[in-house]
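Let's take a walk through a protein together, starting with the whole thing and then zooming in on a few spots. Keep the picture open while you read.

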Amino acid sequence: MWGHMRLNLPCVDERELAEVAKVLATGYFTQGPKVAEFEKLVADFTQTEFAFATSSCTTALHLSLAALGIEPGDEVLVADFTFPASANVIVQQKAVPVLVDIDLETFTIDIDDLRAKITPHSKAIMPVHTFGCSADMDPIMQLAEEHGLAVVEDAACAIGTTYKGRYCGNLGTLGCFSFHPRKVITTGEGGMITTNDRDLAERIQLLRSHGGVRTGYWFEYEAAGFNYRLSDILGALGVVQMAKLPWIIERKRTLAGQLQERLAGIPGIRAPQEPAWGGHIYQSFVILVDEQLDRDQLISDLRDQDIETTLGTYALHDQPYFQENYGYESGQLPNSHTAFKQTITLPLYPQLTEVELDMIADGVRAVLT
Ligand SMILES: Cc1ncc(COP(=O)(O)O)c(C=O)c1O
């Protein structure tokens, strides 16, 4: 017999404990040397020039838009099928989130819909590297260049994801990562911004910590900034987690392949696949189920077999806030609507055994055949 199978399990052990204990012993808990070490590791890994740790990916995204100077009335084009944080930060800048449909093969932003929604008010594009699969960045960057737009990669799920061999976070103007426990590596809560733009890097540093610039012992406040810093206690977690990242990615890709094989031939579902541009890290392993099948019932049936699953993510245009404030109607972005209603995230984490992979596939097969 086996116990309840969780959706995700972070890879933490005595190494994280030891590093956190060292920080606790120093008595220095706010942003400090461990955060700097973590930032250097992420910059080196993604091959970007600058990396700035933040308290979450949500604050990383908000800080990015603030650093870009996104203002009231500006339009930011964002993938509709995403966690609401992607668009909430646009609203927090009093800018307008323009929701763009997705492609159902990769669950990432649809290029034709994106092109159609660019207006003279557009200031930035926020593609989302959904579930660890890169958006199709070449045409996005081309549109951005043609229209003078910034590109903020929502790479919350995509540390280590590549696009044609280049790391996400190093493709747009700025990239934002999440270290929430559902993500590939975790610091409990935490985020990171990567960029190769020196001016933006300076602005991010200023705004991350109250807008203050050190002048001798004190600060001068040049902007009304935020406190979006990461604690050194969490920075220590990040340093250890970064050392595990290559192994975690390799293991997730291997397990994803094994789960794809086991699910092949089950009627009514489509397992996630490597996109044409490669580099999927399967942060979440999300299957699409046929429209005649009741997705919520499937989730409930799998729970009865002690397999924890959940929906893929949200269609923002189907959420009350975006309907009431921007006039969207349910189903208006058809692919995103389908993905919201018909996807299931299956468990996939490095500790899974082959026996457990069999149980997941057998569980899905049992409820569908
Ligand atoms: C695509 C996407 N963007 C942003 C976020 C927000 O990340 P955080 O929880 O680190 O603020 C998430 C988190 O689930 C996400 O999946």
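## The big picture

In this protein, 69% of the contacts with a separation of 6 or more are made by residues 24 or more positions apart. Keep in mind that you're looking at a predicted model. The protein contains 12 helices and 14 strands, and 50% of its 369 residues count as buried.

What radius of gyration does the protein have? The value is 21 Å, and since a compact globule with 369 residues would come out near 21 Å, the two agree. If you follow the C-alpha trace along its principal axes, it spans about 70 × 55 × 35 Å.

## Two domains

The protein splits into domain 1 (14-238) and domain 2 (246-368). Between the C-alpha centres of the two domains there are 25 Å. The contact draws on 29 residues from domain 1 and 29 residues from domain 2. On the domain 1 side that touches domain 2, you'll find 15 nonpolar, seven polar and seven charged residues.

## Around the ligand

Now for the ligand: which of the 14 residues around it come nearest? They are Ser-56, Cys-57, Thr-58, Ala-156 and Ser-178. Sorted by class, the shell has six nonpolar, seven polar and one charged residues.

Strand E10 (residues 212-215) pairs with strand E11 (residues 218-221) in the antiparallel sense, and four bridges hold the pairing. Look across from Val-213 and you'll see Glu-220 in E11. The hairpin of E10 and E11 has two residues between the strands, and Gly-216 there takes a positive phi near 70°.

Most residues other than glycine have a negative phi. You'll find His-210 in the loop between helix H7 (198-208) and E10. Is His-210 buried or partly exposed? It counts as partly exposed, because it has 16 C-beta neighbours inside 10 Å, and being buried takes 20 or more.

Three strands form an open sheet in the order E12-E13-E14, with antiparallel pairing. E12 and E14 are the edge strands, each pairing on one side only. E13 and E14 run antiparallel and are joined by four bridges, with Ile-287 standing opposite Ile-344 in E14.

Tyr-282 sits in the loop between strand E12 (269-270) and E13. Here's another residue other than glycine with a positive phi, this time near 50°. Tyr-282 is buried, because 25 other C-beta atoms lie within 10 Å.

Helix H11 (residues 334-342) is worth a look too. Its buried residues are Ser-336, Ala-339, Phe-340 and Gln-342. Among the things covering them are strand E13 (285-289), helix H9 (295-304) and strand E14 (343-346).

## Two residues up close

Let's zoom in on Cys-133, in the loop between strand E4 (122-126) and helix H6 (137-147). Cys-133 has 29 other C-beta atoms within 10 Å, so it is buried. Leaving aside residues up to four places away in sequence, which ones does Cys-133 touch? The answer is Thr-106, Phe-107, Thr-108, Thr-161, Pro-275 and His-280. Val-100 is 33 residues from Cys-133 along the chain, and their C-alpha atoms are separated by 17 Å.

Our last stop is Leu-245, in helix H8 (residues 232-263). With 18 other C-beta atoms within 10 Å, Leu-245 is partly exposed. Not counting residues up to four places away in sequence, Leu-245 touches Phe-45, Ile-159, Gly-160, Val-184 and Ile-185. Leu-245 and Cys-11 are 234 residues apart in sequence, but in space they are 9.8 Å apart, C-alpha to C-alpha.

Notes:
Residues numbered from 1 in each chain as written. Predicted model: local features only at pLDDT ≥ 70, side-chain atom pairs only at ≥ 80, totals over all residues. Buried ≥ 20, exposed ≤ 12 C-beta atoms within 10 Å, placed from the backbone. Contact = placed C-beta atoms within 7 Å. Near = placed C-beta within 6 Å. Nonpolar A, V, L, I, M, F, W, Y, C, P; charged D, E, K, R; others polar. Pairing = 2+ DSSP bridges. Rg over C-alpha atoms; globule rule 2.2 N^0.38 Å. Domains from an automatic or database assignment.
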